[in-house]
Amino acid sequence: MEKLRPSQMKSPDFLMVVPRFLLRFTPVSHKSASRSMRNLYRNGLIFAVFLLLLLAKTAFAQKLSPLAPTPNWSDLDPYQRTITRDDFLHLLNSVYAPEGSWRQTIEVKGDVALIHKTTSPVTVYRLEFAPDAASARSVPRYWTPAGAKAENPDKPLAGYTIALDPGHIGGRWARMEERWFQIGDAKPVMEGEMTLTTARILADRLTALGARVEMVRNSTEPVTSQRPSDLRKVAAAELAKSHITKVRDSYNGPNDPLKFNSITWQSELLFYRVSEIRRRAELVNSKLRPDLTICLHYNAEEWGNPNQPTLTDKNHMHLLVNGNYGPGELMEDDIRHEMLLKLLNRSAREELPLSASVAAALSHATGLPAYQYFNGKARSTSASPYVWTRNLMASRLYRCPVVYCEPYVMNSKEVFDRVQMGDYSGTRQINGVARKSIFREYADAVADGVAEYFSQHQPRSVSR
Ligand SMILES: [Zn+2]
């Protein structure tokens, strides 16, 4: 596995030049005073040029989200003339950047899109549209959509690789990632453990359906090699960016109301939320290269103090498809670049109907109602009342179709009781109904939904 690039350095080439530059022109020893003056004058001039260069470089600086590498815009080259103007606008307006949020950073003019590579000053990438659907070049992508491989009714997933991404880390990291709560001496509820248990069951189900399954994480340890202590400088820089003045070194546990202002809490967040997900994306995009990635999560309502959590009667489910980028997000050069890759490789064409199929199976198995967003972070879709578009880092960075599941509220009374029951085979009575273990109910339903979608998309050309 390759190491992470030093992505947080916005102009690494330039910073590397400085010490050598100064070294070369620093006088060593001079006997004559006039020679010293000449050297002083020369060094002054060089320093002025250096300052000018610094200013010029800063003006062209990339605007990047935390730990993002500088975008490589030639990634878009293979997509020249692969999409019509109508399809491009339709995907922007219906999935990725609704309500015109793209208009500040993308100009659609005639048969080209002028995509801003940087925003101050504006530099552009020119994407040419295909004149019509018939003459559009084929979309380059390493993954294969459903229906393109040989028919086998018993093994609808034969020939496909599916990556399973159990959300979060769990284990000794669960408290840090704030995915842990406990009531008295009861078994702690840890999302990272629950998603891994579910993923292992799902792996067996998908393998039985013919898929080759890869686990993005298969233990309760991080995939990234970075740790919070490696990210303290970046954390301090992020705090400075958000204009937080009363920056503290550390914080007093999960209930500290001012934890957000501390370098320790921010460096932990960068570790488990940003570095970890970026590393998983590298693994998915460069090594596993699946036809589909399934991200498994359990949802929660606000539980407050993790040692005295609030339990709720609310229980619901939803699935997320990458999209609904806001204008602020699109001002970040890396996010804009990633959105365009997602749009151009046509992930959404698979993600929307596939997520709807998985949602139908999950709702049938769980009986849970659809979650509703009221905060604008997500937008409802016409694919299914359970399927929403939202710009999450994992669904954005994985360059293949992603099904992102958020069923069950972990701190609902019913789910809490079911987590205490653990995993079991067969069924047990829960509120008078025979139910599978929560992990098997979840995994079986996802496998059913995926199998149903792939079965419907068997190639018609094969006669059987
Ligand atoms: Zn989660």
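Q: What makes the strands of this predicted model an open sheet, and in which order do they run?
A: Three strands form the open sheet, in the order 1-2-3, with antiparallel pairing. Strand 1 (106–109) and strand 3 (122–128) are the edge strands, since each pairs on one side only. Neighbouring strands are turned by 25° against each other on average, direction ignored.

Q: How do you know that strand 2 and strand 3 pair?
A: Two strands pair if DSSP finds at least two bridges between them. Strand 2 (residues 112–119) and strand 3 have seven bridges, in the antiparallel sense. Therefore they count as paired.

Q: Which residue of strand 3 stands opposite Leu 114?
A: Arg 126 does.

Q: In which hand does helix 4 pass helix 12?
A: The crossing is right-handed.

Q: Which residues meet where helix 4 and helix 12 pack?
A: From helix 4 come Thr 197, Thr 198, Ile 201, Leu 202, Arg 205 and Leu 206. Among their partners in helix 12 are Phe 439, Tyr 442, Asp 444 and Val 450.

Q: What kinds of residue make up the contact of helix 4 with helix 12?
A: Nine are nonpolar, two are polar and three are charged.

Terms used: Residues numbered from 1 in each chain as written. Predicted model: local features only at pLDDT ≥ 70, side-chain atom pairs only at ≥ 80, totals over all residues. Left-handed = near helix turned anticlockwise from the far one by under 90°. Helix = DSSP H or I, 4+ residues; strand = E, 2+ residues; numbered from the N terminus. Contact = placed C-beta atoms within 7 Å. Nonpolar A, V, L, I, M, F, W, Y, C, P; charged D, E, K, R; others polar. Axes fitted to C-alpha atoms, helices over the stretch in contact; angles between N-to-C directions.
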